[in-house]
Amino acid sequence: GEQRARLFAEEQVRDREEENSRLRWRVRQMEDALAQQSGRPIDASVRIPTSLDSLKPWAETHLAGRLVVSSKAAKAAKSSIFRDVSFAYQVVLLMANEYCAMRIRGQPEDRRKFEEALRSRGLENTRTGDAARLGEQDDEFVVQFMGRKRPLEWHLKNGGNTRDPTRCFRLYYFWDDETQQVVIGSMPSHLNTKVS
C-alpha cells in the first residue's frame with residue numbers, strides 16, 4: 001500500500017514536470033513567433049518600474065518561464081540603495097533575453113549578442129567562485145530553488161572597483177538546466193565573501 005502510494009506520487013510529480021517543460025517550450029515558441037512577426041523583441045514594450053521593490057512580481061508577470069527572481073534576490077533588491085533602478089531592470093531583461101537565447105540555442109551569434117549587450121552596459125560576466133567553496137560561505141552564495149540548495153556560480157558586475165553601494169552593481173545567478181531558465185539569487189548589491 002505505502003510503497004504503491006509513493007510510486008504513484010512520484011509518477012505524478014514526473015508527469016507534472018514533463019507537462020511544465022512542454023508548456024515552457026510552447027510559450028517560448030509563441031514568444032519567438034510573436035517577436036518575429038512584430039520585428040520587435042518580446043519585451044520591447046514592457047514598462048520598467050521606478051522601484052526595485054517590484055522586482056519579483058514584475059519578473060513573474062513579464063519573464064515567467066525564462067527567468068526566476070528568488071525571494072533572497074527580492075529581499076536584497078528591496079533593501080538596496082542602488083541608484084540606477086532602470087539600469088538594474090534592463091540587466092534583468094538582458095538575462096531573460098540575450099542570456100537565455102545563448103544558453104538555449106547556443107549559436108555563436110547568440111553568444112556575440114550577449115557579450116555585446118554586456119559590453120554596452122559596462123558589465124562583466126564572471127564566475128563567483130567554485131561551487132564547493134561557495135557552499136562554505138554559509139548561505140551567502142546559496143539559494144533555495146525547486147526544493148534544493150543551489151550555489152550562485154556566476155555574477156555580472158559593473159566596471160571599476162567601486163564599493164559604493166549606490167553605484168556598485170552585482171547580479172548573482174545560476175542557470176537551471178532542468179527548467180531551462182536563469183535564476184537570480186541576489187542583486188543589485190555586493191555579497192560578501194569570507195575570503196575577500
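Met146 sits in the loop between β3 (142–145) and β4 (148–151), with helices (H or I, at least four residues) and strands (E, at least two) taken as DSSP runs numbered from the N terminus. The model is predicted, so local features need pLDDT of at least 70 and side-chain atom pairs count only at pLDDT 80 or more, while totals for chains, interfaces and linings use all residues. Residues are numbered from 1 along each chain as its sequence is written, and side-chain values use heavy atoms, with hydrogens and water left out.

- Met146 has a positive phi, near 50 degrees, and is not a glycine. Its relative accessibility is 54%, so Met146 counts as exposed; the cut-offs are under 20% relative accessible area for buried, over 50% for exposed, and partly exposed in between (1.4 Å probe, protein chains only).
- Gln180 is another non-glycine residue with a positive phi, near 55 degrees. You'll find Gln180 in the loop between β6 (170–176) and β7, and it is partly exposed because its relative accessible area is 26%.
- The peptide bond from Met187 to Pro188 is cis, with omega near -5 degrees. Pro188 itself lies in the segment after β7 (181–186).

**Helix α5**

- Helix α5 (residues 108–120) runs for 13 residues and reaches 18 Å from its first C-alpha to its last. That is close to the 18 Å expected at 1.5 Å a residue, where the expected span is 1.5 Å times one less than the number of residues.
- Its buried residues are Asp110, Phe114, Ala117 and Leu118. Seen down the axis of α5, these fall within an arc of 100 degrees, so they line one face of the helix; the arc is that of the directions from the helix axis to the C-beta atoms.
- Pro108, Arg119 and Ser120 are exposed on the other side of α5.
- The cover over the buried residues of α5 includes α4, β2 and β5 (154–158), with contact meaning heavy atoms within 4.5 Å.

**Helix α3**

- In helix α3 (residues 71–79), the buried residues are Ala73, Ala74 and Ala77. They span an arc of only 100 degrees around the axis, which puts them on the same side of α3.
- The other side of α3 has Ser71, Lys75, Lys78 and Ser79 exposed.
- Among the elements covering the buried residues of α3 are α2 (55–62), β1 (67–69) and β7.

**Ala88 in α4**

- Ala88 belongs to helix α4 (residues 85–104) and is buried, because its relative accessible area is 0%.
- Leaving out residues up to four places away in sequence, Ala88 touches Leu52, Phe82, Phe169 and Met187.
- Ala88 and Arg170 are 82 residues apart along the chain, yet their C-alpha atoms are separated by 9.2 Å.

**Thr128 and its polar contacts**

- Thr128 has its place in the loop between β2 (123–127) and α6 (131–136). At 15% relative accessibility, Thr128 counts as buried.
- The Thr128 side chain reaches the backbone oxygen of Leu152 at 2.9 Å, a polar contact being a pair of N or O atoms within 3.5 Å; within protein, one must be able to donate a hydrogen and the other to accept it, and residues adjacent in sequence count only if both atoms are side-chain atoms.
- A polar atom of the Thr128 side chain also lies 3.2 Å from the backbone nitrogen of Trp154.
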